[in-house]
Amino acid sequence: MADAVLVKRNDALNVNTMRQNNQSVAIHQTVRGSDWYYTVCAVMGATALGILIASGKKKRPDRVFFYLTSGLCWIACIAYFAMGSNLGWTAINVEWLRSESIVRGVNRQVFYARYIDWFLTTPMLLLNLLLTAGMPWPTILWIILMDEIMIVNGLIGALVKTRYKWGFYGFGCGAMLYIFYELGITGRKHAQVLGKDVHRSYTLCGVITLVVWLCYPICWGVAEGGNVIAPDSEAVFYGVLDILAKPVFSIALIYTHWNIDPGRLGLRIKEYGDSAFDPAAREKVNIPGQDAPTHQAFEPDNMGGDRAVGAHGIGANTPAAHTTGAHNAGQAPVHDRSTVV
């Protein structure tokens, strides 16, 4: 029809209504908030897809940061689709009753889908930074645990209707400050010794993370915590922060990492079919590297240590036998995070 027009329509709030668990919510998002959530969903999805396509220019063992950044954007994309569709929320009674029309009512819409997103993606964001700095695994796991404590406390606080929610808020902020210390002090020291390019990448992405993350408790305090701003304003506030913390962070990380060999960061990742790690192929071309696993016995040597005996360990001291194999006996051990993909 010549007079036909394309009508833009978002009926998510009509399909998925403002009623959950036989309870209606008074303070909730509008169509504008839903539209914004879908916009952020598109940004997250486009970023994830773009990074995944760009990873094709790298060998599979060199794609660790591509997969981490693309993966966290995909997760955020799904979470924002849920929130735009008016799903993944519950109604929580507010601590303070406000008189303004946009925040007037006894209960408020709280999206737990947002916290599921953060629970999965913030460890991935931190992992990007901590691996860039070459941090030891025990420290990495500890910082990620602190991050999970931060997110869980934020969720519990958002679901509490009394003033006790601020206790969980305080626990979460304490965990966040500890993470900031590790990123700003310990992580920076580790990154400095890995080269100027690594330090530059870590500093840029670290500053983005610290500045953006510092704004999240502010948004929580005026949204789920204090019921000061409307859910639509909350959507914009969190959405802008998430775009900076995920797509902008991811693009900056990939750009600054493009010419950095992951092996320099202790990420020597092996792939099946690579002749440098294939014992059979290495025997044919005499490529130095680790030998195939063999059964070894150990006996004391004259120097007070253990001496490995067996097919690939005759006369080799134990650290060298375990770290480098017979072909590299006598060389300094190489400490890395070797992984087979």
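Colleague: Is Phe119 buried, partly exposed or exposed?

Modeller: Partly exposed, because its relative accessible area is 36%. Bear in mind that this is a predicted model.

Colleague: Where does Phe119 sit?

Modeller: Phe119 is in helix H4.

Colleague: Which residues make up the nonpolar surface patch?

Modeller: Tyr112, Ile116, Phe119, Leu120, Val152 and Ile156. The patch is about 480 Å². Two elements give two or more residues to it: helix H4 (112-132) and helix H5 (137-159).

Colleague: Which one gives the most?

Modeller: H4, with four residues.

Colleague: Switching to charges. How many salt bridges does the structure hold?

Modeller: Five. One of them joins Arg108 and Glu234. Their closest N and O atoms are 2.9 Å apart.

Colleague: What does that pair tie together?

Modeller: Arg108 lies in strand S4 (residues 107-111) and Glu234 in helix H8, so the pair ties together parts that are 126 residues apart in sequence.

Colleague: Buried or exposed, those two?

Modeller: Arg108 and Glu234 are both buried. For Glu234, the relative accessible area is 1%.

Colleague: Which other residue forms a salt bridge with Glu234?

Modeller: Arg114, with the closest N and O atoms 3.2 Å apart. Arg114 lies in helix H4 and Glu234 in helix H8, so this pair ties together parts 120 residues apart in sequence. Arg114 is buried, with a relative accessible area of 1%. Arg108, Arg114 and Glu234 are linked in a network of salt bridges.

Colleague: What about Asp117? Which residue does the Asp117 side chain meet in a salt bridge?

Modeller: Lys246, at 4.0 Å, N to O. Asp117 is in helix H4 and Lys246 in helix H8, so the pair ties together parts that are 129 residues apart in sequence. Both Asp117 and Lys246 are buried.

Colleague: Now His257. Where does His257 lie?

Modeller: In helix H8, which covers residues 231-257. His257 is buried, with a relative accessible area of 7%.

Colleague: Which side chain does His257 join in a polar contact?

Modeller: The side chain of Thr132, at 2.8 Å.

Colleague: And which residues does His257 touch?

Modeller: Leaving out residues up to four places away in sequence, His257 touches Phe65, Thr132, Ser201 and Leu265.

Colleague: New topic. What does UniProt annotate as "transmembrane region"?

Modeller: The unreviewed UniProt entry gives that annotation to residues 36-54, 66-92, 112-133, 140-160, 166-183, 204-223 and 235-258.

Colleague: Where is Arg163 found?

Modeller: In the loop between H5 and helix H6 (165-192). Arg163 counts as exposed, at 60% relative accessibility. The C-alpha atoms of Arg163 and Glu95 are separated by 6.7 Å, though these residues are 68 apart along the chain.

Colleague: Last one, the whole chain. How many helices and strands are there?

Modeller: There are 10 helices and nine strands. Of the 341 residues, 46% are buried. The chain exposes about 17,800 Å², and carbon and sulfur atoms supply 63% of that.

Colleague: What share of the contacts join residues at least 24 apart?

Modeller: 71%, among contacts between residues at least 6 apart in sequence.

Terms used: Residues numbered from 1 in each chain as written. Predicted model: local features only at pLDDT ≥ 70, side-chain atom pairs only at ≥ 80, totals over all residues. Heavy atoms only, no water. Patch = residues over 30% accessible without salt bridge, like charges linked within 9 Å, V, L, I, M, F, W, Y side chains within 5 Å. Areas by Shrake-Rupley, 256 points an atom, 1.4 Å probe, with all protein chains shown as cover. Buried < 20%, exposed > 50% of the residue type's maximum accessible area, 1.4 Å probe, protein only. Polar contact = N/O pair within 3.5 Å; in protein donor to acceptor, adjacent residues only side chain to side chain. Contact = heavy atoms within 4.5 Å. UniProt positions renumbered as here; feature names shortened; annotations may be inferred.
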